[in-house]
Amino acid sequence: MSAEYKPEIILEISNLTKRFPGIVANDAISLELYKGEIHALLGENGAGKSTLAECLFGYYQADSGEIRLLDQVIHISSPSDAIDYRIGMVHQHFQLIDTFSSVENIVLGTKSLNIIFNLDEARQRIKALCDQYELSFDINAEIWKLSIGEQQWVEILKALYVGIDLLILDEPTAVLTPQETDKLFSVLKSMKESGLSIIFITHKLREVMAVADRISILRKGKKVATITTSETNPKELARMMVGREVLFRAIKDASFTGEEVLTVNNIWTRNDRGVDALKGVSFSLYRGQILGLAGVTGNGQKELFEVLTGVRKATQGEVILSGENVINFDPYQLMLKGIGYIPEDRLRSGIISDFKVSENLYLGRQRLRPFRKGLFIDESAIQHYSKELVSQFDITTPSVNHLAKNLSGGNQQKVILAREFTQQPKILLAAQPTRGLDVGIVEYVHSQLLMKRKEGMAILLASEELEELFLLSDLIAVIFQGEIQAILDPANTTLEKIGLLMAGVR
Amino acid sequence: MKIAVLKYHIERREHESTLATILSIILAILAALLISALLIRMDGANVLDAYRSLFIGGFGSWRAIFETLNKATPLIFTGLATVVAFRAQIWNIGGEGQFLAGAMAAYLAITLFPKSPNSILIIVILVFALLAGGAIAGISSFIKNRFNVDVIVSTVMINYIIKFALSLMLYTSWRDSSTFYPQSPFIPENSYLPMLVEKYRFHAGFILAVLFAIITFLLVEKTPAGYELRALGFNPIAAKSRGINPKRTLMWILLVSGSLAALGGAVELIGLTHRLRLDISINYGFTGIIVAMLADLNPLGVLVTGILFGGLTNGSFAMQVKTGVPTSIAFAIQAIILLFVLTASILTRYTIRKVEDAH
Amino acid sequence: MLINFLQPVIIISILASTIRIATPVLFAALGELVSEKSGVMNMGVEGMMLTGAFAGFYVAYQSGSLWLGIIAGMLAGMGMSLIMAVMAITLRLNQTVIGLAMNLLASGLTFYLYRITYEVGGAITTPTVDIFPAVRIPLLSNIPYLGDIFFSQRLLTYIAFISVPLTWFFLYRTKQGMSLRGIGENPRAVDTHGINIKRYQYAAVMFGGLLAGLGGAFLPLASTGLFVSEITAGRGWLAIVLVIAGNWIPWKVMLASLIFAFLDSFQLQAQGLGVNIPFQIMLAFPYLAAIIAMMSTRVKSIAPAALGVPYARE
């Protein structure tokens, strides 16, 4: 930057602290935001980025510290204050009402809406915004009919419609294809040029280098540094994020493909809305092989996993497990036949947070020996088993009788891994196993998966992180709108090609 | 200049404390008694006299204690029925109807086998009641599994239907022809539950209640089935994905729950009332829900709260005699206790923390 | 036997009383609809109706004014729903249990208060009030047949039925109604628009209580003229069923109420005509019908997605 150019500071955060029970999420963070810049907040999961953003948006209130907007101290005690201050936010998990249309979601509660309303004027304004940013989707359709990428745009339009000077985006590319991400970045750049200031929250180094002007790195609730993008590189950023040298690659042995253990043939199923979510999915899993499943969330992965674990009924197709067609068997039988499952949403489907750690470690096998002796649960056998697992998998917990909800996310995931691995399943279905976890735990999970692969387990690994898939998979299948587009060897393809396939471009 | 401003935040506790739980329940009961004192004043009675006679009437003599245990028995059964269902987040509100169904099934058994020897007849009666209660609750589970009809609403509707069914039977084929009241003739003595203390008509029903409380405790806390029940209650999605079948589990839980309530009805008939009447249940089904909630859905705790409420009901008769306050105040007090206990559970969830704010 | 029913007089009587009988349930059901649309499940409708019935009767009897009784009924229902709102919305306790507690409280309290007010010293006289007169709408009530059925009802009945399109208009054509519906579907989304979730939910729940109390007060003040314990006889629960059966759509809820009222009215008439079916079976019929109705609608229901889930910014 030239010496005469003095950037205008529009937002100043001083010593902001926010606590939750047992944790300091934001620890005396100070930050300056310039007008017309894209400022990235970079950090691992749990570093405090989202919390800081929610404090700016009024969803949470900071415990101490000061926020100045254009040099005036302001108090943001609720989202309506933030909206008054022309601060808008696009959340990581969309805040949209499924049964309303985009128009309704955008105008909900806005001041310009009359008590007895007519939506025509709003429709025109929204259409104009869409034209401005070259968006084309049906703004009158109900949200559940839109694709994830389109829903993302509705979230952004919500903020633009009411008029903002500052836009906060929380992990906006988590559910986008590489191409959609590029489109987002170009729109952000043109917004920047028209004077909008943008805070961009992410944990992805590549994106930060691509789109941000300056980067503030957060680690464990504290700000580590603010740095200009042009003066840094990914390696340095990673080190600041984690506090130590980061191993970028787990070491994968050469793949050896054993016999076919699972054959999935022409699976069709419907989602909760009654629409076909899987349309003739076929693939095979082999002993000692990791098959990666790439795809934007919402293209059928959830339904595929549900069919393979017996939770959802397939309308057509077969699943041949060691010679037997187990299609539409119930979850218990599939579990007994050797299908292990690491679900996507830990807290929802993986563990029972109000149960003890020990109880979670045998979830599903409560009717089997050795956990059962006669009519009753064999408590001493369970204690023995749990203690062994806790030490084997290095699970941090005061005791095996502690409730699972008191464990950290990483340790909860370890509980799930421990439970599934000790059953020695032939096949492991892993959905987003490292989502929301610290780098340390991510490394651990990766090494565990590779170890099991070496031992001969067949693994289906679904992930939104393409790097993870490239790192671990022997083959990568791409799913788009319920169909497998292709199955490729990561050594012979590129991120871009996979990205295109994820967007449906063959 | 730095001025420290103290703010208070209300935030969730990290660990729930047993001391806080017990304290909150005691506080709640005291608060409820205070409010109920207002009700007593409204009737113009002396509050201290009323409470004294209430307590003495409930626990102040051997006669009182045994009668209290008698009154506790049906509450314990319906309380256990509630615990089994509510722990799985299955809202079985049909305890009232299932209780009546059990009494009716018991009566039916007696009419079918009037001459059987006592011990065999009791077993047959209890089995009939079990089946009846299970069947009635089973209807709700079936229409939930098949038609997605909420258990709450179907059990409430069925309550009314069974009440009418009882009325129908008592007005027609089961009516005691010697009176105009809709009630049955006295059941034969060989169908009675053994009397433990003849003088105070304390019958073996309480022992059965204790027995089933222990069985229920073992079932819920110590068996794989109970594990599945609790898992379903805490997190049905995780439970289902790990192989616990929600529909089958719903069914057996409702069968057990309905059976327990029905047993209460049968026991009340052959232990205490010895004839079938329209009012054989004095709100036992609903009070059983309060008893269960107060016991924090713990089967053994139901013994304690059941006895407490039995004493309350029993004592209210003495209170009416002594001070003229109608016995129906007992229902009001019970409901007020429930409300306060529910509210007090907040104390166990949250705590107040001081936060320093430096300006 | 059935021929007896086909006389015009009987048919008119059944239909007219259908409209009258539907009134209290319709009030309660509309109130419950609004409450549930905002995401709060009120299981205590039965108790709120009962409290409204008692309060209405008590005030009307003591003051001599029926309208004061109606107001008392509304306030009583609203007061109970305020307690419910605090426990469900602010304290975020389990909504099912709170509702049940409300019912038990109302049961016990109204029974007790009636006893100590009117049954003192053993002498049991039954106090009564003169109920609301029918209000014949000029001109319209002179239409043959239809006039007697539709236009010779009590004022409260007209109000009840007009409330149906009013409720629809509020929910679907006003800004606040849209926000309310949004809260019932996804409160977090609405929160990010800067809308005060708690305020809307409190308002919706208290509105529900007000209408439940009103519906309850209708029973002694426009129907029976007296109060007995459990005078509501499950009508509050029926209101909950009607909202489900009507799939949360105002006019369908009204239709469902009319169908049930018809069954009730028919059964009453049948008893009067000396039909040979035991009265218990006739009485049980509406409850049975309720179960059957739900079996047919529950599978494709469009219940508000966040119904029954207490909201908090965690």
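Predicted model: local features only at pLDDT ≥ 70, side-chain atom pairs only at ≥ 80, totals over all residues.
Local features need pLDDT of at least 70 and side-chain atom pairs count only at pLDDT 80 or more, whereas totals for chains, interfaces and linings use all residues. Residues are numbered from 1 along each chain as its sequence is written, and chains are lettered from A, with ligands numbered from 1, in the order in which they are written.

**View 1. The helices of chain C.** Chain C holds 12 helices and 0 strands, where helices (H or I, at least four residues) and strands (E, at least two) are DSSP runs numbered from the N terminus. Along the sequence the pattern reads α-α-α-α-α-α-α-α-α-α-α-α.

View 2. The C-alpha atoms fill a box of roughly 60 × 50 × 40 Å along the principal axes. Of the 314 residues, 54% count as buried, a residue being buried if 20 or more other C-beta atoms, placed from the backbone, lie within 10 Å of its own. Among contacts (C-beta atoms, placed from the backbone, within 7 Å) between residues at least 6 apart in sequence, 79% join residues at least 24 apart.

**View 3. The side of chain C that touches chain B.** Here 34 residues of chain C are in contact with 36 residues of chain B. Helix H4 (95-118), helix H10 (235-245) and helix H12 (279-297) of chain C are the elements that each give two or more residues to this side, and the largest share, 14 residues, comes from H4(C). By class, this side has 27 nonpolar residues (Ala, Val, Leu, Ile, Met, Phe, Trp, Tyr, Cys and Pro), 2 charged residues (Asp, Glu, Lys and Arg) and 5 polar residues (the others, Gly among them).

Conventions: Buried ≥ 20, exposed ≤ 12 C-beta atoms within 10 Å, placed from the backbone. Contact = placed C-beta atoms within 7 Å.
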